[in-house]
Amino acid sequence: MLLSEWRKVLAFLFRSINFTRYWLRRYIPVTKRFFKESPATWIMKQADEMIEKRKQIGHTGRTDLLQLMLASMSDEDFIQDRPASFEKIGDTEVETPLVRKITKHEISANIFLFMIAGYETTSTALSYATYILATHPEEQRKLQEHIDAHFDPETEHSMPTYENVLEMDYLDMFIRETLRMFPIVPAAINRESTEEFCIENFGIVPKGTLITIDIYNLHFNPDLWGRLDPQEFHPERFATKRHPMAWIPFGAGSRNCVGMRFALLEMKMLLVRLLKTYSLIDCGEKTHKPFEQLQETFVITPSELCVRLQRRDEQHESGTPSRGSGCGVKLKELENDFKRIEYQDSFCIFRSYMGYVSATLFNYSFVLQAVYRYILIMYPMHLFWQSAKFQTFFIAFIWILGFTYPLAFIFTGDIIYDVNNQVCQIPLQLSFPVVYIAILGAIFPILLIMLIYFKLVRYVHKMSKRIIPLNTLFRARRELKMVRRTVILISILITVTFPYVIFMFMSFFKRHPKSYFRIADAFSDLSLFLVIITLFQFTEPLKTSVMKRVNGRVNMVTT
Ligand code: HEM
């Protein structure tokens, strides 16, 4: 009750505002600067102009809808309908059909209706089709094979003809199944009963009752759509003959959608053209989120729908599997490559986040080392700073920092699936997330280590010129040697990952080439490998123990 009252109030307000706006624009032209023309008025004005132009040109031989309407246009502005007349045919009286011309205003109103009924409906239905394609790769593959069987995939720009498209039964079933699962204009299908009638197990429906069909119940009814589960997308179900009223996205009866055949043809043409060249790809969470929020105006649409397009000829070319970060990422990408999967899996974004975390922890572990040596050399008397307690606090701080600083990007949608590299990442470009991660995760720790190193070199150099106990000097030199090793490791990282950095800077200014990340990543993998070897060299006990096993000399004495 309240809702319908509220609707009436809103409708009244809407009409009043529109009327005032229209009146002001028309009679006080200066207000045109402040009130924009309503889209409806704009379309009607365009329609009027089109009619005038066609009238001036005269008969063109075209057989489009406008020409047909113009052919039966009256010069009068208003035509009063006659009362119904009847004629006798044999013994029965039959109502004579109403034959009359249409006015110019009726023609523009029809154009307006066709624009409203014909535009958003088809585009929304196509959006749902793209959603199905992106989320059902197996169905997409089948449809592409079906299209390839009818058209030469090499001739990208050839247009499908009406006859071609009519032959394509699987394409037809695909679109019908999309509209079964997503009937976009259920509210448009309503009727008023012209006489009283009875429905079994329900009762009498009085004359004048407004009736709306529950299309979802109908389209998902297992009795009408079994054996295949109606909740699942299976175009093949249309190969079985169904009840004629089981599928009614275009309405039914004499007042069903006049644009049905046109809409189906339009959608088929577009899907053929699209899928010949491109594949649609899931954007993970973003593709699924829209269905949590549907907007219901004339058509039912998701608030937004995210799918990606990838050229089919580029799909299987991505060569070297990329690092991403960590072994899990590597293996997943390798698996994707082998299986030729071009869409992200559910853990893709999380893995990417973990990649940023592990890279940061890796860099800061060197910082921890350097800071510890710094304290030992510069503040040898501050035993608390060297204590396990203080160092544990430091380690905990770094871990918290490492896990929290890229956390926000999981939720902001900055980490996305890059189909060329088959990895989830923050796209390399001049953006806040890239600069933020680069500074906090890499540049800052590296600069800090370098700074500590240079300070220590100067300090130890000065120490050796002063008169101090030999023991202190020896210890300081030993700690400096450890920091030097850290710097060597960092230098290896920087040198070998240099191509990566170059790619990153390039991407700030121009579109990056395909698979750039994979190529750049190969260098960071190499650098990690070299770092491991160097660490092995630097870790004397480990080296000795491994060498012992390799050489089989159990009793070797090390100095
Ligand atoms: C996927 C696309 C479309 C869908 C799902 C759709 C759906 C519908 C539905 C459910 C109705 C009400 C039918 C009834 O009450 O039984 C309708 C009516 C109508 N549609 Fe469509 N439509 C689509 C595309 C189009 C196109 C492309 C045009 C025009 C070019 C169009 C023009 C109309 C018109 C003029 C009516 C009113 C018919 C009447 O009242 O007699 N529609 N449509």
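**Whole chain.** I noted at the start that this is a predicted model. I then looked at the secondary structure of the protein chain and found 21 helices and twelve strands. Of its 559 residues, 36% are buried. I also checked the contacts with a separation of 6 or more: 68% of them join residues 24 or more positions apart.

**Helix H2.** Next I picked H2, which covers residues 39-57 and has 19 residues. From first C-alpha to last, H2 reaches 27 Å, close to the 27 Å expected at 1.5 Å a residue.

Which residues of H2 are buried? I listed Ile43, Ala47, Ile51 and Arg54. Looking down the axis of H2, I saw these buried residues fall within an arc of 80°, so they line one face of the helix. On the face turned away from that buried side, I found the exposed residues Lys53 and Gln56.

**Neighbours of H2.** What do the buried residues of H2 pack against? My answer is two helices, H3 (65-71) and H4 (104-135).

**After H2.** Last, I stepped past the end of the helix. Glycine 58 follows H2, and I noted its positive phi, near 85°.

**Recap for my next visit.**

Conventions: Residues numbered from 1 in each chain as written. Predicted model: local features only at pLDDT ≥ 70, side-chain atom pairs only at ≥ 80, totals over all residues. Heavy atoms only, no water. Helix = DSSP H or I, 4+ residues; strand = E, 2+ residues; numbered from the N terminus. Buried < 20%, exposed > 50% of the residue type's maximum accessible area, 1.4 Å probe, protein only. Contact = heavy atoms within 4.5 Å. Expected span 1.5 Å × (residues − 1). Arc of directions from axis to C-beta.
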